[in-house]
Amino acid sequence: YSNSPKPSRSSESKTTEDGYVYEIVNGEAVITGYAGEDLVMIMPDELDGCQVTALGEGCFSGNTTVQSVLLPLECREIRANAFYGCTDLRDISCYSSIQVHSSAFTGCGRLRAIQYSADSNVASWPLPSDCRLYPFDLDTGVGELNSLDVDDNGVIVDCVIDSIPAT
């Protein structure tokens, strides 16, 4: 028996025009599912005026369409099986330090690249052994890495570099 208050939840799940299913929990948005078919998933930073802080358990589980994911800026948690069986997922971009459940990327055999900011803790994520980490500000010799695309075999096929200004 506990006297602590139960978390306040929204009365119902909602779905955005882009197919993100979510709930508002204690003033923060949690993505709980996805009904879209985008190859590139650019997750919203806010829903109903609330920061997206978590990806719920199994929220993208079994999605065999998505190839690239841009995580919300303030995401702090990726729960169990969030991307379970996302067999075509190749790369993820992350801007924050996130607590990632050990099963979050189970079955993501094509996941090959994580692009991250200095604030991220991606080195501690449970990733496939052949997944590589690339900081956003990676010095390429001709400028800083801005974004990258990975093919079926994990080969970087395209990247955008912020060029070094001429002096």
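**Close-up views of a predicted model**

**Figure 1. Salt bridge between E77 and R79.** E77 and R79 pair in a salt bridge whose closest N and O atoms are 3.2 Å apart. The model shown here and in the other views is predicted. E77 is partly exposed, its relative accessible area being 28%, and R79 is likewise partly exposed, at 30%. A search of the whole structure gives six salt bridges.

**Figure 2. Salt bridges around D88.** R110 and D88 join through their side chains in a salt bridge, with an N to O distance of 2.4 Å. R110 sits in the loop between β10 (99-100) and β11, and D88 in the loop between β8 (77-78) and β9, so this pair ties together parts 22 residues apart in sequence. In the salt bridge between R90 and D88, the closest N and O atoms are 3.4 Å apart. Both R90 and D88 are buried; for D88 the relative accessibility is 12%. R110 is partly exposed, with a relative accessible area of 33%.

**Figure 3. The largest nonpolar core.** This core has 36 residues. M43, L55, F60, L71, I78, F83 and F105 are the residues with the most contacts inside the core. Two or more core residues come from each of the strands β2 (20-25), β3 (28-34), β6 (50-55), β9 (91-94) and β11 (113-116).

**Figure 4. Surroundings of L71.** With neighbours within four places in sequence left aside, L71 is in contact with M43, L55, I78, F83, I92, S93, C94, Y95, I98 and W125. Among these partners, M43, L55, I78 and F83 are also listed with L71 as having the most contacts inside the largest nonpolar core.

Figure 5. The disulfide count for the model is zero. For C75, the nearest cysteine sulfur is that of C94, 7.6 Å away; for C94, the nearest is that of C75.

Figure 6. V40 belongs to strand β4, which covers residues 40-42. V40 is partly exposed, its relative accessible area being 49%.

How values were computed: Residues are numbered from 1 along each chain as its sequence is written. This is a predicted model: local features need pLDDT of at least 70, side-chain atom pairs count only at pLDDT 80 or more; totals for chains, interfaces and linings use all residues. Side-chain values use heavy atoms; hydrogens and water are left out. A nonpolar core is a set of buried Ala, Val, Leu, Ile, Met, Phe, Trp, Tyr and Cys residues joined through side-chain atoms within 4.5 Å. Buried means under 20% relative accessible area, exposed over 50%, partly exposed in between (1.4 Å probe, protein chains only). Helices (H or I, at least four residues) and strands (E, at least two) are DSSP runs, numbered from the N terminus. Contact means heavy atoms within 4.5 Å. A disulfide is a pair of cysteine sulfur atoms within 2.5 Å. A salt bridge is a side-chain nitrogen of Lys or Arg within 4 Å of a carboxyl oxygen of Asp or Glu.
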